[in-house]
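I opened this notebook to keep track of what I looked up in a two-chain model, entry by entry. The structure comes first, and my notes follow below.

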Amino acid sequence: MSMTIKDLATEEQPAWCGGCGDFGILNTLKMALSELGEERHNILIVTGIGCGSKCNHFIHTYGFEGLHGRPLPVATGAKLANPKLKVIVVAGDGDTYGIGGNHFLHSMRRNLDITLIVENNQVYGLTKGQVSPTSKKGTPSPSTPSGVIEEAINPMALAIAAGATFVARAYSFDMPHFKQLIVDAAKHKGFSLIDVFQPCPTYNRVNTMMWYKDNLYNVDNNGHNPRDRDAAIRLASTGMVNGKLAYGRFYIEEGKYTYDEDVAKVVAVPPVEQDIGNIDIAPLMQRFAWK
Amino acid sequence: MIVDDFSWKIAGEAGDGILSAGLMFAKSCLIGGLYVHATAEYPSLIRGGHNHLDVRVSARPLYSHTKRLSLLVALNSESIKKHTRKLLPGGGIIYDSEETKINPEEVGRSDISLFPMPLLKMANACGGKIMRNVIAMGATLALVDYDCQLFNHILSKNFAKKGQPVIDNNIKAAKAGYDYIRQNFAHVKFPFRVQRQGDKNNIFLSGNEAICVGAVKAGCKFFSGYPMTPASSVMHTMASFEKTHGVVVKHTEDEIAGINMAIGAGFAGVRAMTATSGGGFALMTEGFGLAAQTETPLVVVEAQRPGPATGMATHSGQGDLRFMLHASTDEFPRIIIAPGDVQECYYLTIQAFNLAEKYQMPVIVLTDKFLGESFATAPAFSGNEIKVERGEMLKEVNEEDYRRYRVTKSGVSPRSIPGVKGGEHVASSYEHDEFGFEREEEHVRMAMHEKRFRKFANAAKEIAEPQLIGPENAEITIFCWGSTKGPALEAMRLLMQKGISANMLHVTFLSPLPAKKIAEVMRKAKLTIDIEGNKTAQFAGIVKQETGLEFNCKILKYDGRPFNPEDLATAIKDLATSDAHRIIILNGWQEAVKLKSEGELLLKAPELFSAVVEGD
């Protein structure tokens, strides 16, 4: 039974700033979900803390809005408990690349079959405009009045190196393209990352909707083969094509084992489906009786 | 005179195979129908340092180790220096005659026997230095006149995976040790005997293992955690159940992932557990609050060790009680259960899972290194009398406007899990309304805060009150919690032998605290003594907070070691026979430091303290 975008609405309304990229992400995600064909009760959207992490309040599926930086482990636990769930994580750039950096790295290494959508607006919005791990070097902010000293993190290169098998970048307001990316990522077997450029009209006055219009380059079917790992690494190392920010499919690797598949080799029946009514521990008693 | 309470210590360096040899001896006693307790003390090292394992064997049920020794196997000279003074009259030392040259006068004990053996030379003839432990085992069997076949059976089981030649070598080594004693020391009268008893349906396992068996019985199908002594063997044991019991075990990138994954699995409807020690729990505290706020069932095992920070990784203590009670932000109810022995580890863990799901709240199983890593004999567990109770868990949702966090009289809201049609909702770490949507209005906040606490009030009603152990009208009433139960029970036995009657209230539920029962017992008691493994008497503080009552006396210990029955009995007797209400601080296995209530320090020399023990 397919769901329409209207079916996916809840009675809650977002309170985001006008022109926020979160609107584009929310609506695109709903479009993709309605196209995916999964039933709502089998979809779990796990988020962290941030403006965009409230998105699962506005989508009528199962949702878990956890702690800042920790949506990936929650999603991992839920997916391993019930591998039949379609698990999508939506989190911010600070959430994922900053406070949750350790989980980001290890989740990709596992190649668990989940999708991570990172709302990358290069700024901390909810806490009022401090720099994020993806802020450009030199960006001034309340926490870095003389400009941030560190180089920005490169999530695309990190993801390929760490073992993610679907690494893409989207732009929140190129919705048809972004929608197809989500559908493909959700169908991809293995860990998929979509890093989404999005404007923060309140706190990021540089990377505005107008700015993105002139500074993006779509690499899909445009001279880049995402199945060529070397080409993917080259593209990811700068993230640029012709002086513009590349978006689209950076890297796709198919056929690699997923963590949940390997777990199923050891634990054949998914935990959630096992009957726990009356478990026999007699064999364990034998083990500890040493007779 | 034949003594059937045999306490044996094997001591040497890490890597000498002390634990494996000692546990094989213990298991061979178990299958001979005997009761065994084994506890090891070791530094946080892979090689070297001073390690020792105590195995105590008796025909009667045992509750803890003892500070007294019947036989010491010293695999190096240091072990002789450290432990000789603990030997009982008639006891003995097995040591390497070629590595250590000692004469009886030097040892300073004319009342013990020395059993020098060329351990290394004999070991090399049986496959290498590592065989010293098994040779010493064989020698032990000869001295206590125990059945070699039982030990050989355990050797065969233990080395089954390594193949017959390894088994044969070990049996040969044990026999060599056995024969050496028979041939060279037939003239020595060693008074301690380990006699085979009738067959029993008993098991021998550690507290950590018992917790895992309880978790399996309760239907725990997901474990995620990060290694931390002394909780690591919880993860190892759960991992050993992966194939046999369908448990998914995840060694995570850190403790934060450990608790958050368990919460994810719990949210998805699977009974989930994590385990750590204090430092790891420090990292888990935010996640602990997340479980409370999202009302996700969760069981956390916290095996205490001394802190702060890294503290003493391989040692024991009871200093985390306040931390567990108050961990994470704001105030929210949590259930804290502190089992006192391996049986309680098993049964209370099953109950922990039931409570976590029935009341949709986090539950802590609070142990320590002494309980978690010590091995003890218990009757084989059944647990069939404890039913799996999953609480209000929905298999289907028919109502139009399902409210995950419906405000109910009981505080418990019917829970749907992902996969259940019609039960879709968002679980949020923010304060939320009945649907789960973020809310900041005063009345919503109050309704939800009160709802969470109502669950706790109801949980408190179903928790069994602690029962007084021992004679009703005793002169002394002991109060303790967690692993102190074992040494305290043994101390009560020692006191009884001296004509002093004591009873004990061992409290397993620390939250909700059975305050009414505690107060009732305190009011009736002639002399109340609180015994706990921390400096600030945390339990006593909580009892005072909840009942307004104070214990007459306290015995505290925070040297990283568990209480031992002898020092405990001496201290209790001391308090019972003095007029003033005092605090005694026990220190180590030998020395005692006394603290007058005014704060004046009275240092007692070790010899003096031993004299007090022996003079009784």
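**Entry 1: where the chains meet**

I counted 29 residue pairs in polar contact between chain B and chain A, both residues at pLDDT 80 or more; a polar contact here is a pair of N or O atoms within 3.5 Å, where within protein one must be able to donate a hydrogen and the other to accept it, and residues adjacent in sequence count only if both atoms are side-chain atoms. On the side of chain B that touches chain A, the largest share, eight residues, comes from helix H11 (residues 255-267) of chain B, helices being DSSP runs of H or I with at least four residues and strands runs of E with at least two, numbered from the N terminus. I sorted that side of chain B by class and found 33 nonpolar, 24 polar and 19 charged residues, with Ala, Val, Leu, Ile, Met, Phe, Trp, Tyr, Cys and Pro taken as nonpolar, Asp, Glu, Lys and Arg as charged, and the others, Gly among them, as polar.

For the record, this is a predicted model, in which local features need pLDDT of at least 70 and side-chain atom pairs count only at pLDDT 80 or more, while totals for chains, interfaces and linings use all residues. Residues are numbered from 1 along each chain as its sequence is written, chains are lettered from A and ligands numbered from 1 in the order in which they are written, and side-chain values use heavy atoms, with hydrogens and water left out.

**Entry 2: extent of the interface**

I noted that 76 residues of chain B and 54 residues of chain A make up the contact, which means heavy atoms within 4.5 Å. About 5400 Å² is buried between chain B and chain A, and carbon and sulfur atoms give 64% of this; buried area is the accessible area (1.4 Å probe) that two parts lose on being put together, summed over both. In chain B, the residues that lose the most area to chain A are Val248(B), Glu253(B) and Glu424(B), together 11% of what that side buries.

**Entry 3: salt bridges and a strand pair**

I found five salt bridges between chain B and chain A, the rule being a side-chain nitrogen of Lys or Arg within 4 Å of a carboxyl oxygen of Asp or Glu. In the pair formed by Lys421(B) and Glu39(A), the closest N and O atoms are 3.8 Å apart.

I also looked for strands that pair across the chains, which requires at least two DSSP bridges. Strand E2 (residues 62-65) of chain A runs parallel to strand E15 (residues 426-428) of chain B, joined by three bridges, and Gly63(A) stands opposite Val426(B) in E15(B).

**Entry 4: inside chain B**

Chain B is divided into domain 1 (6-200), domain 2 (204-379), domain 3 (392-463) and domain 4 (468-615), with bounds from an automatic or database domain assignment. The centres of domain 1 and domain 2 of chain B, taken over C-alpha atoms, are 34 Å apart. I find 17 residues of domain 1 of chain B in contact with 12 residues of domain 2 of chain B, and the area buried between these two domains is about 1200 Å².

Elsewhere in chain B, Lys455(B) forms a salt bridge with Glu295(B), whose closest N and O atoms are 2.7 Å apart. This pair links distant parts of the chain, 160 residues apart.

**Entry 5: backbone details**

I recorded a cis peptide bond between Thr229(B) and Pro230(B), with omega about 5°, and another between Ser511(B) and Pro512(B), with omega about -5°. In chain A, Asn242(A) has a positive phi of about 50° although it is not a glycine.
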